[in-house]
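Subject: Structure handover

Hello,

Here is the structure I promised to pass on. Please open it alongside this note, which goes through what turned up.

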Amino acid sequence: MTTTPRKVLVAGASGGIGQAFCEQLAAQFPDIQLIRLARNTAALPVLNIPTQDLRFDLTDEANIISALQALPDKAELDWVFIATGWLHDDTLQPEKTWRSLDADHLLRSYALNAVGPALLVKHLLAKLNPKHPTTIGILSARVGSISDNRLGGWHSYRASKAALNMLIKNFAIELQRMKRPTIIVGLQPGTTDTALSEPFKRNVPPDHLQTPAFTASHLLKVMQHLRPEDSGELFDFLGIRFAP
């Protein structure tokens, strides 16, 4: 597969990890063609390379389709990095107990952490050249691992990431059956100093809190070392496989 990408699409490019990943790509591969998808493209920083910036809404399938119309038919992307994810906002916080379960909270988590990424992959696969090798990395989370769950809590986030992990596996099986040279994996970024982790980082030892640049550089290395037999699996930012 492609270890030196020429054309990369990053969805969620305005987030902490997505933005850092774009910056790492620009620094390491100055001749790259970079497509950035973000809800607010005006907020995207200027890089030292040209970019194609597309506005999209992960919760709106019609909008996803519209954004991807900017890509040519049978587009040849070497990498796709989906850096989207949702844990909390001003009104909803991770549930500490089943007593806090709420339908709207659960549905929002599923919409942003599982449904949205799956629909984005669906419509991307329809746009891509099926004979061109493409590696797709989607931000997942170790707390979405059912076998690794020791603490409970965070019900909506855990469940939605577990659903994402199942969808990744399903995509991988079907793509392999179709003999498409596509790798798709879930990537665990570790605890990174972003808006997502802001309310919780006081409980994280300083030496365990990563900068976005550190996380992005390690995830980039993981993407470079993926092989066809890795498709459908989950990897942390060090490239270590973990169970769903």
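Phe29 is buried, at 9% relative accessibility. Buried means under 20% relative accessible area, exposed means over 50%, and partly exposed is in between (1.4 Å probe, protein chains only). Trp79 is buried too, at 0%. These two residues form an aromatic pair, edge-to-face, with 6.5 Å from centre to centre and 85 degrees between the planes. For such pairs, the ring centres of Phe, Tyr or Trp (its six-membered ring) lie within 6.5 Å; planes under 30 degrees apart count as stacked, over 60 as edge-to-face and the rest as tilted.

The pair links distant parts of the chain, 50 residues apart. Phe29 sits in the loop between helix 1 (16-28) and strand 2 (33-38), and Trp79 is in strand 4 (residues 79-82). Helices (H or I, at least four residues) and strands (E, at least two) are DSSP runs, numbered from the N terminus.

A note on the basis. This is a predicted model, where local features need pLDDT of at least 70 and side-chain atom pairs count only at pLDDT 80 or more, while totals for chains, interfaces and linings use all residues. Residues are numbered from 1 along each chain as its sequence is written, and side-chain values use heavy atoms, with hydrogens and water left out.

**More on the rings**

How many aromatic pairs does a search of the whole structure find? The count is four. One of them joins Trp154 and Tyr157. Their ring centres are 6.1 Å apart and their planes stand at 80 degrees, so this pair is edge-to-face. Tyr157 is buried at 9%, whereas Trp154 is partly exposed at 27%. Trp154 lies in the loop between strand 5 and helix 4 (155-177). Trp154 also has a positive phi, about 50 degrees, although it is not a glycine. Most residues other than glycine have a negative phi.

Lys74 has a positive phi as well, about 55 degrees, and is not a glycine either. Its place is the loop between helix 2 (61-68) and strand 4. Is Lys74 buried or exposed? Lys74 is exposed, with a relative accessible area of 59%.

Two arginines sit over rings. The charged end of Arg108 is over the ring of Trp86, 5.2 Å from its centre. Arg142 lies over the face of Phe242, 4.6 Å from the ring centre. The test is that NZ of Lys or CZ of Arg is within 6 Å of the ring centre and within 35 degrees of the ring normal.

Eight strands form an open sheet in the order 3-2-1-4-5-6-7-8, with mixed pairing. Strands pair if DSSP finds at least two bridges between them. Strand 3 (51-55) and strand 8 (241-242) are at the edges. Each has a single partner strand, so one side of each has no neighbour in the sheet.

Strand 1 (residues 7-11) runs parallel to strand 2, joined by five bridges. Lys7 stands opposite Gln33 in strand 2. Strand 5 and strand 6 are parallel, with six bridges. There, Leu139 has Leu187 in strand 6 as its bridge partner.

Seven of the seven residues of strand 6 are buried, so the rest of the structure largely encloses this strand. Both faces are covered. Thr182, Ile184, Gly186 and Gln188 are buried on one side, and Ile183, Val185 and Leu187 on the other. In a regular strand the side chains alternate between the two faces of the sheet.

**The helices**

Helix 5 (residues 212-225) lies across strand 4, strand 5 (134-139), strand 6 (182-188) and strand 7 (234-236). It runs at about 140 degrees to strand 4. Axes are lines fitted to C-alpha atoms, for helices over the stretch in contact, and angles run from 0 to 180 degrees between N-to-C directions. The buried residues of helix 5 include Leu219, Leu220 and Met223. They pack against helix 1 and strands 4, 5, 6 and 7. Contact means heavy atoms within 4.5 Å.

Helix 1 has buried residues including Ile17, Phe21 and Leu25. Strand 1, strand 2 and helix 5 are among the elements that cover its buried residues. Gln24 is in helix 1 and is buried at 17%. Leaving aside neighbours within four places in sequence, Gln24 is in contact with Ala213, Ala216, Ser217 and Leu220.

Best wishes
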